[in-house]
Amino acid sequence: MSTNHRLSPAPLSPADAALDVAAVILAICAAWGVTRLFLYPALSIPQNAPAILRPISGFFVAWWLLHRRGLGWDSVGLRKPVPWWIVIAGAAVLYLANRGLGQYVAPVLAQWISPVQQASFMGYIRGNPPAFALWLTIGIVVGGFMEECLFRGFLLNRVAAMLGGSGAAIAVGIVAQAVLFGLLHLYGGVFACVFAGLAALASGVVYLLVKRNLWPLILAHAAWNTVALTSLYRS
């Protein structure tokens, strides 16, 4: 994986950016179809289980799209930050923002949208070490790393490039990736959908504040999933 330092993604035509966005969304939809219609029914996995093939498929398609243009993930922010304190500060700000969103904002919005909340699939990891280890690995690798690269790094920038790269286009990119990210968490109920969307908005803003560096986002997302899963396991 390339580690060249680039302050922003390489210039891309709106048409090429639109094709990239369409390819990733198509991969995500195809993974959803395979998961929900064939894989999970065959394995007797409930429909409220996370469809982890969706971000994994999107990540690898995005990686291929970058590679075919001679780019790496560094072109959208997976590069060494200078100085390193930016990672710690950015991750801390984002983690605290997510705490506030999860505690005060998302519950109100979720209750307003739908008073009936769905039971979480993840409850089975309570006191279950193998399940905890499995989902902790998924939470860090798929959630913390792949999702941040895909949604905040790739899709945010591609949507902005598709619309011309202006400030307004970047704002649309932040909102668009957040809406998609939230919808992809609808399997967990309205609260999961709303909170994921709000967290993605916050991540998109922090991504710009730290000059499009993904590491603070990855660290905050991985830490969030680790704390949440550990608390659930020990509850």
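This is a predicted model: local features need pLDDT of at least 70, side-chain atom pairs count only at pLDDT 80 or more; totals for chains, interfaces and linings use all residues.

Colleague: What makes α4 oblique to α5?

Modeller: Start with the numbers: the axes of α4 and α5 come within 8 Å and cross at roughly 140°. Angles under 35 degrees count as roughly parallel, over 145 as roughly antiparallel, 65 to 115 as roughly perpendicular and the rest as oblique, so α4 is oblique to α5. The axes are lines fitted to C-alpha atoms, for helices over the stretch in contact, with angles from 0 to 180 degrees between N-to-C directions. The crossing is also right-handed, a word used when the near helix is turned clockwise from the far one by less than a right angle.

Colleague: Which residues of α4 and α5 make the contact?

Modeller: From α4 they are E147, F151, R152, L155, L156, V159 and A160. From α5 they include I170, I174, Q177 and F181. Contact here means heavy atoms within 4.5 Å. By class, the contact of α4 with α5 has 12 nonpolar, two polar and two charged residues.

Colleague: Why is H185 called buried?

Modeller: Its relative accessible area is 16%. Buried means under 20%, exposed over 50% and partly exposed in between, with a 1.4 Å probe and protein chains only, so H185 is buried. H185 is in the loop between α5 and α6. Leaving out residues up to four places away in sequence, H185 touches E147, A192, C193 and A196.

Colleague: And what makes I56 count as partly exposed?

Modeller: I56 has 21% relative accessibility, so that residue counts as partly exposed. I56 is in helix α2, and beyond its neighbours within four places in sequence, I56 is in contact with V142 and M146. The C-alpha atoms of I56 and V141 are separated by 9.8 Å, although the two are 85 residues apart along the chain.

Colleague: How do you know that S44 is exposed?

Modeller: S44 has a relative accessible area of 65%, so the label is exposed. S44 is in the loop between α1 and α2. S44 also has a positive phi of about 55°, although this residue is not a glycine.

Colleague: What about R212, buried or exposed?

Modeller: Buried, because its relative accessibility is 18%. R212 is in the loop between α6 and α7 and has a positive phi of about 60°, again without being a glycine.

Colleague: Which residues have the most contacts inside the largest nonpolar core?

Modeller: V24, W73, I125, F154 and L214, in a core of 60 residues. The largest share, 15 residues, comes from α4.

Colleague: How do α3 and α6 pack?

Modeller: At an angle of about 145°, with their axes 8 Å apart. Their crossing is right-handed. By class, the contact of α3 with α6 has 16 nonpolar, four polar and no charged residues. Ala, Val, Leu, Ile, Met, Phe, Trp, Tyr, Cys and Pro count as nonpolar, Asp, Glu, Lys and Arg as charged, and the others, Gly among them, as polar.

Notes
Residues are numbered from 1 along each chain as its sequence is written. Side-chain values use heavy atoms; hydrogens and water are left out. A nonpolar core is a set of buried Ala, Val, Leu, Ile, Met, Phe, Trp, Tyr and Cys residues joined through side-chain atoms within 4.5 Å. Helices (H or I, at least four residues) and strands (E, at least two) are DSSP runs, numbered from the N terminus.
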